[in-house]
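Trainee: I would like to go through this structure and ask what the terms rest on.
Mentor: Go ahead, term by term.

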Amino acid sequence: MSDATRVLVLNSGSSSVKYQLIDMAWGSPRPEAGGGARLASGIVERIGEGQGRIKHEPARHAPRERYESFPDHAGALAAVADELAADGLGLDSPRLAAIGHRTVHGGTRFTEPTLITDEVVEELRELIPLAPLHNPANITGIEVARKLRPDLPQVAVFDTAFHAGMPEYAARYAIDRAVADAHQVRRYGFHGTSHQYVSRRTAQLLGKDPEAVNVIVLHLGNGASASAVAGGRCVDTSMGLTPLEGLVMGTRSGDLDPAVVFHLHRVGGMSIDEIDTLLNRRSGLLGLCGDNDMREIGRRMAEGDDAARLAFDIYIHRLRKYIGGYYAVMGRVDAIAFTAGVGENSAAVREAALAGMEPLGIELDSVRNAVRGSSPRLISSDASRVQVAVVPTDEELEIAQQTFSVVRRSEGVMHGKTWNAPNELER
Ligand code: ADP
């Protein structure tokens, strides 16, 4: 067996690159069961914008920060490689097994983590119209990384993939089929790696197989989405063609009557681009009360601020509609899992989201809910039929695990055999 067990995870944005180097030999011997330990992580910011910054956080050394100009993604990745090399974790190490790329939109073409070839890059380019803000930067990251290590397997892991198995009745909008198909208009969903990771981790917390549990996952960050995961498969999710649909978010409206767009255009005289900006960047909590940070909204509510209170109430009302909707869709719910910045940290949001749902078998324990922590934990009462959990998400780990599985499979190691990590490295 090869001792190449490290995976570099890259999340390339238009002006930033986030990275993590994860060693899959640390943790479970079955990568698909959730092993992996972080050796280093970091971010390069303001690429192509004058003075940039790299913040590098190795697991075994003090964090380092450096300000310099990164004219492009190639320069940024070279800086990442230098920082890793300084810690003895260089990208030329034979222990590096693969690079995993977070890739936002896989359309209907990519429904699984995919080994990257020239053809795959071409097909990703064809998907740019579906994610014009994200996919171009993802592709740039892939190209730069392939140039840096042309011999190394690279894997694209898609934000949409976990939702690709949604039933057709959940994925299709009720509009003219021919028009929808001609323009690839359907519900794709996003935050897929998070929903997948959290639903599986929740099953583990319950001591059950993912196939045996139905979970509602509430990913509440600045972007927010809910999903219904039945027996390990996503059966519905709140984001759609783009991440605009669904829950009230930090700056996005979530659901609204599509005719609002016609009205703002025809009556309000706004252009389509202006409406796009309004709904994606100036709506949600920010549009409602001027703040998109739930901590600030909490502080303002405590001071009796009406706008902050109304924003909170609208946010919660929408969330409750999705919880009820997904309960009805699945019929039986074993667990509700809160994750991401708001979901992991705001006891007030969790409490308000589930208040009065005892007749549905959902009962929070207010003491457990108030305890802060960084590990997965149950916050429901012992009497609650539906378990309620806080499960910190780890999209990078999920990407590393999926990347590693693809590489092992492509090497044939996973076929009928178990990959055994050195015992002394397990934890
Ligand atoms: P994203 O990855 O979508 O940018 P995160 O998952 O990091 O977002 O979540 C960021 C949000 O989490 C912040 O906007 C803030 O509202 C919220 N948040 C972070 N910490 C807390 C906290 N202690 N209490 C309430 N909300 C919090």
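Trainee: Which residues does T237 touch, leaving out those up to four places away in sequence?
Mentor: In this predicted model, T237 touches H163, M166, R187, G189, H195, A226, S227 and Y326. A contact here requires heavy atoms within 4.5 Å.

Trainee: Why is T237 called buried?
Mentor: The cut-off for buried is under 20% relative accessible area. T237 has 0%, so it is buried. Its place is in strand β11, residues 233-237.

Trainee: Why is M24 called buried?
Mentor: Its relative accessible area is 1%, to be set against the cut-off of under 20%. M24 is therefore buried, although it is found in a loop, between β2 (17-23) and α1 (31-34).

Trainee: How do you know that the length of helix α2 agrees with its number of residues?
Mentor: The expected span is 1.5 Å times one less than the number of residues. For the 14 residues of α2 (residues 73-86) that gives 20 Å, and the end C-alpha atoms are 20 Å apart, so the two agree.

Trainee: Which residues of α2 are buried, and what do they pack against?
Mentor: H73, A76, L77, A79, V80, A81, E83 and L84 are buried. The buried residues pack against β1 (6-12), β2, β3 (37-45), β4 (51-58), β5 (64-69) and α4 (135-148).

Trainee: What makes a group of residues a nonpolar core?
Mentor: Its members must be buried, of the nonpolar types, and joined through side-chain atoms within 4.5 Å. The largest such core has 42 residues, and L220, Y315, I336 and L354 have the most contacts inside it. Its largest share, eleven residues, comes from α12.

Trainee: Which residues does Y315 touch, again leaving out those up to four places away in sequence?
Mentor: Y315 touches L220, V248, L285, M294, V342 and V349. There is also a second, separate core of 32 residues, which includes A4, C234, A337 and V407.

Conventions:
Residues are numbered from 1 along each chain as its sequence is written. This is a predicted model: local features need pLDDT of at least 70, side-chain atom pairs count only at pLDDT 80 or more; totals for chains, interfaces and linings use all residues. Side-chain values use heavy atoms; hydrogens and water are left out. Buried means under 20% relative accessible area, exposed over 50%, partly exposed in between (1.4 Å probe, protein chains only). Helices (H or I, at least four residues) and strands (E, at least two) are DSSP runs, numbered from the N terminus.
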